[in-house]
2 protein chains.
Amino acid sequence: TTRSSSHPRSNNLLFRQLFEKESSTYTYLLADRSHPDKPALLIDPVDKMVERDLSLVKELGLKLIYAMNTHVHADHVTGSGLIKNKIPGVKSIISKASNSQADLLIEAGDKICFGDLFLEVRATPGHTLGCVTYVTGDGPDQPQPRMAFTGDALLIRGCGRTDFQGGSSLQLYKSVHSQIFTLPKDTLLFPAHDYKGFTVSTVEEEMLYNPRLTKEEEAFKNIMENLKLPYPKMIDIAVPANMVCGLQDVSAKPVEATSN
Amino acid sequence: TTRSSSHPRSNNLLFRQLFEKESSTYTYLLADRSHPDKPALLIDPVDKMVERDLSLVKELGLKLIYAMNTHVHADHVTGSGLIKNKIPGVKSIISKASNSQADLLIEAGDKICFGDLFLEVRATPGHTLGCVTYVTGDGPDQPQPRMAFTGDALLIRGCGRTDFQGGSSLQLYKSVHSQIFTLPKDTLLFPAHDYKGFTVSTVEEEMLYNPRLTKEEEAFKNIMENLKLPYPKMIDIAVPANMVCGLQDVSAKPVEATSN
Ligand SMILES: [Fe+2]
Ligand SMILES: [Fe+2]
């Protein structure tokens, strides 16, 4: 039988999952509501939903400090540049390995702090070369169970395609098994997309029921090489835009995040 | 500033929010995972998503006991009858005031128990005559903060229309103010629909920011009478079907729930 929890428990964490229907993208809002500033971050904001997201941030009395992406999306344009324009002081974040521009270029092992809470960065390449998974901290004052924002590396009962953007099915297989399936079994998994209306899963559930990643490495490779998916229709617009925070004229000068 | 929590904390509750894109309907799965049987219920299941929902129930090792509706939906067909056909023993639930058929016809004050957890029934008419809101129990072993499944009585920053199915704007206003806004401020609100990608709100948030229900009663009535919404396109199919659990030939004999 499956032991499964469904929600993080931390008196400090304010958490909201937000959906964009056209690309079936999830954006996540996290904040430390116990900190006087209520510092907040958005993971994978979508350009056309920025007004909704910032209005929620304002109503909740939060101070947005980071607009971050799990990877260079091919199916929608990120809202991180727009957010920077609307709220001066917000810093954009993406992985150094994505070869993109952002205020902070993060790497495996970095910590992204907001108030007394933090996310740790895990490198999970395979869907794209620069994919990362953000995982809530391990510690007594951090959310329990832990939460992992997996981007397109691991989807609920699925995973992102591996045939573009430096993708590699073997690399994805290794990433998920070494970086995500090694997390505690009750870790809540929050993907960048879901196409069937699921909102959350757990490490245990995906280790048992993910139809692709429960297979052996070679079988997984075969599945991924025979998906016969159409050419991603937004890729030629979205990828170049997303490499510069969704704006062609973004003024962010890349600097490296303080490594931890 | 707004104090806002985002998720229920109970070691016992397994909770999943599920989305159906076409009608933007949320279905909720709740279970007592500490009980040996893992008894579970589904609130507002959608007919075409029954396979997804039951497959999740099975994977999580749950025993589904109730398929319940907040009201007679006009925009989609309920999955409760289909579920009864697929899992013998599951009981359908709807309010007595809805004049519909189901195994259990519930009323204000009734308790719906699953394992050591329970939902209490609050009558919240106004969108339809028979609308109810299901609220998690008040007690040391019940989820904290509490959770309210409001159907279409209260939506996030909105509410259901009041021009069909015995609707009444004044009744809806009274229902929300007396039955929902009187819950603890941190109560999590889970509506039957959201059209902007929000997944959850709180009593405090809606008391501050709901653009309709923060108005005076007379202003609210004016808003609701001037929405100029189109005729609900599914209503002539959905309503008669939903009055019999979504199936024309449902065999449920209505009996009354044990009142509490
Ligand atoms: Fe992607
Ligand atoms: Fe409705």
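Contact here means heavy atoms within 4.5 Å of one another. The structure is a predicted model, in which local features need pLDDT of at least 70 and side-chain atom pairs count only at pLDDT 80 or more, while totals for chains, interfaces and linings use all residues. Side-chain values use heavy atoms, with hydrogens and water left out, residues are numbered from 1 along each chain as its sequence is written, and chains are lettered from A and ligands numbered from 1 in the order in which they are written.

The account opens with two helices of chain A. Helices (H or I, at least four residues) and strands (E, at least two) are DSSP runs, numbered from the N terminus. In chain A, the axes of helix α3 (residues 169–180) and helix α5 (residues 217–225) come within 9 Å and cross at roughly 130°. That angle makes α3(A) oblique to α5(A). Axes are lines fitted to C-alpha atoms, for helices over the stretch in contact, with angles running from 0 to 180 degrees between N-to-C directions; angles under 35 degrees count as roughly parallel, over 145 as roughly antiparallel, 65 to 115 as roughly perpendicular and the rest as oblique. From α3(A), the residues A:Ser169, A:Leu170, A:Leu172, A:Tyr173 and A:Lys174 meet A:Glu217, A:Phe220, A:Lys221, A:Met224 and A:Glu225 of α5(A). The residues of this contact between α3(A) and α5(A) comprise 5 nonpolar, 1 polar and 4 charged (Ala, Val, Leu, Ile, Met, Phe, Trp, Tyr, Cys and Pro count as nonpolar, Asp, Glu, Lys and Arg as charged, and the others, Gly among them, as polar).

Aromatic residues provide the next topic. Over all chains, the whole structure holds 21 aromatic pairs. Rings of Phe, Tyr and Trp (its six-membered ring) pair if their centres lie within 6.5 Å; planes under 30 degrees apart count as stacked, over 60 as edge-to-face and the rest as tilted. A:Phe19 and B:Phe19 form an edge-to-face pair, at 5.5 Å centre to centre with 65° between the planes. This pair crosses between chains, joining strand β1 (residues 13–20) of chain A to strand β1 (residues 13–20) of chain B. A:Phe19 counts as buried because its relative accessibility is 5%, where buried means under 20% relative accessible area, exposed over 50% and partly exposed in between (1.4 Å probe, protein chains only). B:Phe19 is likewise buried, with a relative accessible area of 5%. B:Phe19 also forms a tilted pair with B:Tyr26, at 5.0 Å centre to centre and 50° between the planes. Both B:Phe19 and B:Tyr26 are buried. One aromatic cluster includes A:Phe19, A:Tyr26, B:Phe19 and B:Tyr26, and also A:Phe149 and B:Phe149.

Two histidines of chain B follow. B:His193 lies in the loop between β11 (188–191) and β12 (201–202) of chain B and is buried, at 2% relative accessibility. Among the residues that B:His193 touches, not counting those up to four places away in sequence, are B:Tyr26, B:Asp75, B:His76 and B:Asp152. B:His193 and B:Gly151 are 42 residues apart in sequence, yet 7.5 Å apart in space, C-alpha to C-alpha. B:His73 is placed in the loop between β4 (63–68) and α2 (80–86) of chain B, and its relative accessible area of 0% makes it buried. B:His73 and B:Met234 are separated by 161 residues in sequence and by 9.3 Å in space, C-alpha to C-alpha.
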